[in-house]
Amino acid sequence: MYQHDVLVIGAGLAGMRAALAAQQAGADTAIITKVTPVRSHSNAAQGGINAALTHLGDDWHEHAYETVKGSDYLGDQDAIEILAQDAGRSIIELEHMGVIFSRGPDGKLGTRHFGGQQRARTFYVADITGAAILHVLFEQILKAKTRVYEEWFVTSLIMEDGECRGVVAMEIKSGKLEVITAKAVILATGGCGRVFEPSTNGLIVTGDGMGLAYNAGAPLMDMEMTQFHPTTLKNNGILMTEAARGEGGYLLNSKGERFMEKYAPTFKELASRDVVSRSEQTEINEGRGIDGCVLLDLRHLGREAIETKLAYINEIAIDYMGFSLADKPIPVRPGYHYIMGGIKTNVDGLTKIPGLYAAGETACVSVHGGNRLGANSLLDTVVFGRRSGEHAAQMVKSKPAPKVSEARVQQDEKHIKALLDRPANGDSVAKIRLDMGNAMTENVQVFRNEQGMKTALADIKKTQERYKKVAVGNKGKVFNTSLIFALELGFMVDLAEVIVAGALARKESRGAHARTDFPDRDDVNWMKHTLAYNTENGPKLDYLPVVFTQWEPKVRSY
Amino acid sequence: MQITLKVKRYNPEATSEDKKSYFQEYKVDAPADSTVLDSLIQIREYQDESLTLRCSCRGAICGSCAMRVNGHAGLMCKTKVEKALGKNNVILVEPMGNQPVVKDLVVDMSLFFDKVRAVEPYLQPVGPEPKEERIASNEDMLHLVGVMSCIMCGACVSDCTVLEMDPNFLGPAALAKAYRFVADPRDGKTKERITEYNKYGGIWDCTRCMECVQVCPKGVDPMGRIMMLRTKADELGTKDYSYGVRHADAFEDSVKKGGKLNEAELVINTFGFFNVPKLLGMLPVAMRAAYKRKMPSLFHKSIPGVQSVRRIMSKAHEVEKVQGKKPMPR
Amino acid sequence: MKFAFYPGCVSKGGCPELFASAVAVAEKFGIELDEMKGASCTGAGILQEKNRFLGDCLNARTFAMAENMGLPILTICSTCQGVFSQAHQRLDRDPSYRAQVNEVLKEEGLEYKGTVEVKHMLWVLAEDIGATEVKKRVVRPLTGLRVAPFYGCYLVRPSSALGFDMHPARQTSLESIIEACGAEVVDFPGKTRCCGFPITTINEKNSMGMVAKHTLDAKDRGADAMVTPCPLCHLNLDGYQPKAAAQVNENIDLPILHLPQMLGLALGLDSNILGMGRNIMTTYNVLMKVGVKIH
């Protein structure tokens, strides 16, 4: 049994930022993570991080407004104001920690253009911004000597008297389950990208935090809002950063036309992601695609710009397609990338469960509403990561250490034993996950409709039934990844159901949720958040009004 | 195409030794442009759930899937099946070297991270913290992108020649990380860092074998970074534990004097003419060479045109002085 | 076939037997060697530690001299070859860098235009002459001799600088020449590893450890001798072998041959010309095995 004031689950940007904040505020803090810290999927964020820096002549109101507009007015404006106002100091903090942000000629921070924003306010490190920040936060974690439970998998939250008092977790190397108590638990486990197949997300992005919170009774919010990134690579779905278009790249259809001029005359390729993805899908659906893709053309940027500012995606092009972006346009298509929804929190990261916080992609504050602007996700992780850490550290000061019986592990041990003891039935975790992913991609896509989503829901229910009977193919104790995948799938089949249920219920088109049977935004009936509670009969939906401060809903055009 | 993956297995829970460590062959139908990781996942998902490996992003950025393929470390998500195929369409996959195996292709990376911790891997600016950002040139930041591209996959540590001999060596990844701070204009501890890296196990223990340069999947060039740290040590005139700077100095002097290397003089100048114990230690080697009539003479003839070599050497130093730093290729 | 011959400092200093045997072997194949007497040391990677720009200037001088001779360069040292190849790559890849280097050469009336080709004798034998032709010239096949190849780091890494994409056979060139000589190749994991020479004066213990490991490994696999195209590897593997053996408390006694020494034996050259008596580890058993009379 281990004991801490604040326990952060996940070591991506949000998790490490939260842990640093909590530790600096004096709390005994630890991180628990199922992978070594620098393996987190924050790595894959390429293009940059948004902020309106006053001393560089920008105004946070503009950033906030464009975020509100990007969210299709579903984002809570009080939270968005905090995000935009806190952005500046967050960037400066990261710079002081050592992030090697690109510079302007005067040696001050430099910016690039990103989608959905008039002004260039995206700070960046070539096209490895996420990795560059993640590694610097890891440097700070090493400096702070924060305790890290590395390669430990959380199997459940310890819920007693309606509050969260810690976790039960498995040390993957030994297979041993332990109780770790905490006065506050911060979930920072990222998204649930593996619910879809294909996905830009890594294989570890399985919605564990969302699943843990959902199982513990916390509501999930706006889970139907799933982002399809406009430029994912043809075969394997790897992300090609929005910075490619920010730096001036074109999108072309089979006729060689810059089709975005038609859909977004002002912003063109730099309209917000939902708009670009829909435009691409329309071109493809209407027969102007190439093998289900459109082309991303960067040739006119020149070899030098490509090799310095977009080196990583150029490396991807060379490795996986066999050519440089300086020589040929590359086929891309919309692909699942991000979930705007997540565990409902307030602006301090607190969920509906006392003692339980969430930050980053796993949370829904909500600052992204129906569609997230590119480069706002990194900002979300550091702003609300820090706020969660700080709030949790203050909260634990007046709280006695929870007393949890060591016998609590038996509950999870029993569950795992049952899973391992099941006889093989010819089915497998991998097959179920693939069927789930395909069902989602087929019918809960860029464009959705009632019939398709009903099919998806029925398919997901089938995977849930199969999951109850599936056997784990490896019975060992040491580093049993087979068992981990089974536990992760348990979270994912439920999250898939929540996504579809919320999407089916929302009878309008808003942000990334585009229904062909309800093509218009319906502010009268649907200007509200979806909440999903876990019940024995699946998700119970409820709704919550959107918070407005200074921006009235308008027709959204780019 | 039909390929065979020959995988080194290790199961610490097995009851007998022969079941603990062994090779297992898997047949996979691999598309032409697929990666070795695709095949491994295919096996894990549909043939043998017990096959254990780490992987996540599939795009060479998370650093999870470093292993040895055909004897050399690399990221499996970046290794194309076509290129890795050996005789009879077999690909040999083993866990990384220089680190203990936990299970199958999973190694314990604590040695790797202990080394990283040892170089004080965080920015240490001096002076009061400014309200705004620290001023730095874009050129300097771009230069650091090269070394910040390290994803800590462990491939360089796996194949490091020196670590194989001596686990005390800080190794390529940690020293590349160290360079990231030495080359960062915002860091104020260059001298202290170099003094630290100069010790036994530091920058002078690298043999320049370039294994790390060859296997690094991200072009970080760890050995090149170690050499840049040596250059820095030379510029700062730091005393090192191991005659490294003096060796390089003596080398330059020798070339300057005769246009080419004078081995005997190099040894004496490296250790110092009066460093009798060290020179005596070399004596048996020298005696054996002398006996075989191959002891290099102390008095070398200079090459013709040695003046031209000398002029070029001082001109190169001049360029450095004028530009404030040594010219570097892209 | 004519080359600007760059023998390197070691073949003119610590390993005179290499120079002599290389010249004799070249003559047998009709390779004309025009020695670059005014060429400087490559810097051997050591000068580059201190100042890579300076090293590149010196090597660009050598390249420019070869360009003026109108000849490709032939080396007989893996380290020289590797350092040349790396400098070549830097100067080729970035014209603005080459211009800075040429600025330094200007006063000497030299300019490196970027056209020189630099080849190790091993590559010339394996590529230009070819293993088949080498085999034809063999008059004293080294039948029954088991030889372990040892390339030297600079002849195998980094592959991007060494033209392996264009010439994949370079990766197995040493084995092909061993076979062409009629000997048997003893494959072992150390063949492309480091001999430890660069740290002999810095961390002798590690260096000796490497010598012992590779020579013992080869011996355990049945090698009668080891052959290397690198005189620096030779210095360590041969000259320091007694010291390495003492460190690990084992008898090693593995003869280490220079590449042209092995070739010379197969071509029927006199063992005195090949300087077989100058190797620190006695080559007596090798000579006996291939049937050379000892004077």
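Okay, first the ground rules. This is a predicted model, so local features need pLDDT of at least 70 and side-chain atom pairs count only at pLDDT 80 or more, while totals for chains, interfaces and linings use all residues. Residues are numbered from 1 along each chain as its sequence is written, chains are lettered from A and ligands numbered from 1 in the order in which they are written, and side-chain values use heavy atoms, with hydrogens and water left out.

Let's start with chain C as a whole. It has twelve helices and eight strands; helices here are DSSP runs of H or I with at least four residues, strands are runs of E with at least two, and both are numbered from the N terminus. Its radius of gyration is 19 Å, close to the 19 Å from the globule rule for 295 residues, so chain C is as compact as a globular protein of that length. That radius is taken over C-alpha atoms, and the rule is 2.2 Å times the number of residues to the power 0.38. If you want the outline, the C-alpha trace of chain C spans about 55 × 45 × 35 Å along its principal axes.

How much of chain C is buried? Of its 295 residues, 66% count that way. Buried means under 20% relative accessible area, exposed means over 50%, and partly exposed is in between, with a 1.4 Å probe and protein chains only. The accessible surface of chain C comes to about 9900 Å², and carbon and sulfur atoms hold 50% of that; areas come from the Shrake-Rupley method with a 1.4 Å probe, and for residues only the protein chains shown count as cover.

Now contacts, meaning heavy atoms within 4.5 Å. Take those in chain C between residues at least 6 apart in sequence: 78% of them join residues at least 24 apart.

Charges next. Chain C carries 30 positive and 31 negative side chains, and the centres of the two sets are 2 Å apart. Lys and Arg count as positive, Asp and Glu as negative, and His and the chain ends are not counted. Each charge is placed at NZ of Lys, CZ of Arg, CG of Asp or CD of Glu.

On to sheets, where two strands pair if DSSP finds at least two bridges between them. Chain C has an open sheet of four strands in the order 6-5-7-8, with parallel pairing. Strand 6 (184-185) and strand 8 (256-258) of chain C are at the edges with a single partner strand each, so one side of each has no neighbour in the sheet. Two bridges link strand 5 (residues 146-149) and strand 6 of chain C, and C:V147 is opposite C:V185.

Over in chain A, there's an open sheet of three strands, order 3-5-4, and the pairing is antiparallel. Here the edge strands are strand 3 (49-50) and strand 4 (111-112) of chain A, each with a single partner, so again one side of each is left without a neighbour. Strand 3 of chain A is joined to strand 5 (residues 122-123) of chain A by two bridges, with A:N50 opposite A:T122.

Chain A also has a hairpin: strand 7 and strand 8, with two residues between them. Seven bridges join strand 7 of chain A to strand 8 (residues 163-171), running antiparallel, and A:W152 faces A:E171. Seven of the nine residues of strand 7 (residues 152-160) of chain A are buried. In the turn, A:D161 has a positive phi of about 50°.

Most residues other than glycine have a negative phi, and most peptide bonds are trans.

Two cis peptide bonds to finish. One joins A:E197 and A:P198, omega about 0°, and A:P198 is in the loop between strand 9 (176-187) and helix 5 (208-216) of chain A. Another joins A:V365 and A:S366, omega about 10°. A:V365 is also among the residues touched by A:T345, which is buried at 1% relative accessibility.

Technical notes
Lists of a residue's contacts leave out its neighbours within four places in sequence.
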